[in-house]
Amino acid sequence: MLFFLSENDMRDKNDKRSFRILVVDDDRDILELLEYNLEKEGFHVKGIDESQDAVKAALAFSPDLIILDIMMPHPNGIEICRELRSIKRFEDIYIFFLSAKSEHYYHEAALDTGGDDYIEKVIGLRALTYKVATVLKRNFVIRKSIPELKIGNLKIHRKSTSVMIDNDEITLSRPEFELLFFFAQNPRKVISQENLLQNIWGSEIYLFDTSIDVYIQSLRKKLGLDIIHRMGDNRYRLHIR
């Protein structure tokens, strides 16, 4: 299928100001706060506070990334995501959920329906802004909807947060799993400590600088592999032969 772009649509993908973000949230205060913070980063933002207008707005606006609240009047965020994913032009764009709900059920439902990440509002909007910049400006991958990743002789299962090495199953803690999953989606990238902290834990969660090294050491021990190398200056890279 061919799409013909107008001059206004021929945006330089290396320019963060070219990216379009659609935000859908029935809380007007949250919506305005998100619009302010994302626009301050240079993104072109459209906010919608009526959930029934979300799909229509997405079709007209052609966003590069969509942020959905879950708990909205019909249709809710899950229903909107499901409908968007059924439309070919929205099969591969990023959809992030932002919600006050912390229960695991909501996380699972959001990812099962095609959401790429689930950010709790309590973690902070700064973390969401950082994640948006990570995938759009820095070309990192954050797609937690992927059920399984295979890299080297590792099979990484999202739902069970476990890893298979040949026929042996390795159970990881949640932080260990999230670290490994993020590295596995970005296998050739050197990743900074700040990137890991913001994208895995969020800006409102305080960790000591040594915490990541502790988790990496535990991963090496459980997997029996020297799997993540420290590159110096608080930077890391996945190493799989």
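Modeller: Helices (H or I, at least four residues) and strands (E, at least two) here are DSSP runs, numbered from the N terminus. This is a predicted model, where local features need pLDDT of at least 70, side-chain atom pairs count only at pLDDT 80 or more, and totals for chains, interfaces and linings use all residues. Residues are numbered from 1 along each chain as its sequence is written, and side-chain values use heavy atoms, with hydrogens and water left out.

Biologist: Great, let's start with I216. Where is its place?

Modeller: I216 sits in helix α8, which runs over residues 211–223.

Biologist: And why does I216 count as buried?

Modeller: Because its relative accessibility is 2%, and buried means under 20% relative accessible area, with exposed over 50% and partly exposed in between (1.4 Å probe, protein chains only).

Biologist: Which residues does I216 touch, leaving out those up to four places away in sequence?

Modeller: I216 touches I228 and Y236, where contact means heavy atoms within 4.5 Å. As for D226, ten residues from I216 in sequence, the C-alpha atoms of the two are 9.2 Å apart in space.

Biologist: Moving on to α7, how many of its nine residues are buried?

Modeller: Seven of them, which leaves helix α7 (residues 193–201) mostly covered. The buried ones are Q193, N195, L196, Q198, N199, I200 and W201.

Biologist: What do those buried residues of α7 pack against?

Modeller: They pack against α5, α6 (174–185), β10 (191–192), α8 and β12 (235–238).

Biologist: And what follows α7?

Modeller: G202 does, with a positive phi near 95°.

Biologist: Now the backbone of residues other than glycine. What is phi of N139?

Modeller: It is positive, near 60°. N139 lies in the loop between α5 (125–136) and β6 (148–151), and at a relative accessible area of 51% N139 is exposed. T161 is also not a glycine, and its phi is positive, near 45°.

Biologist: Is T161 buried or exposed?

Modeller: T161 is buried, with a relative accessible area of 13%. It is found in the loop between β7 (154–157) and β8 (162–165).

Biologist: Which peptide bond is cis around P75?

Modeller: The one from H74 to P75, with omega near -5°. P75 is placed in the loop between β3 (65–68) and α3 (77–85).

Biologist: Switching to charges, how many salt bridges does a search of the whole structure find?

Modeller: The search finds 14, a salt bridge being a side-chain nitrogen of Lys or Arg within 4 Å of a carboxyl oxygen of Asp or Glu.

Biologist: What about R28 and E32, where do both lie?

Modeller: Both are in helix α1, four residues apart, about one turn of the helix. E35 counts as buried at 16%.

Biologist: And E178, which side chain does it meet in a salt bridge?

Modeller: That of K144, at 4.0 Å, N to O. E178 lies in helix α6 and K144 in the loop between α5 and β6, so the pair ties together parts that are 34 residues apart in sequence. Both E178 and K144 are buried.

Biologist: Which residues are linked with them in a network of salt bridges?

Modeller: D117, K131, R158 and R174 join K144 and E178 in that network.
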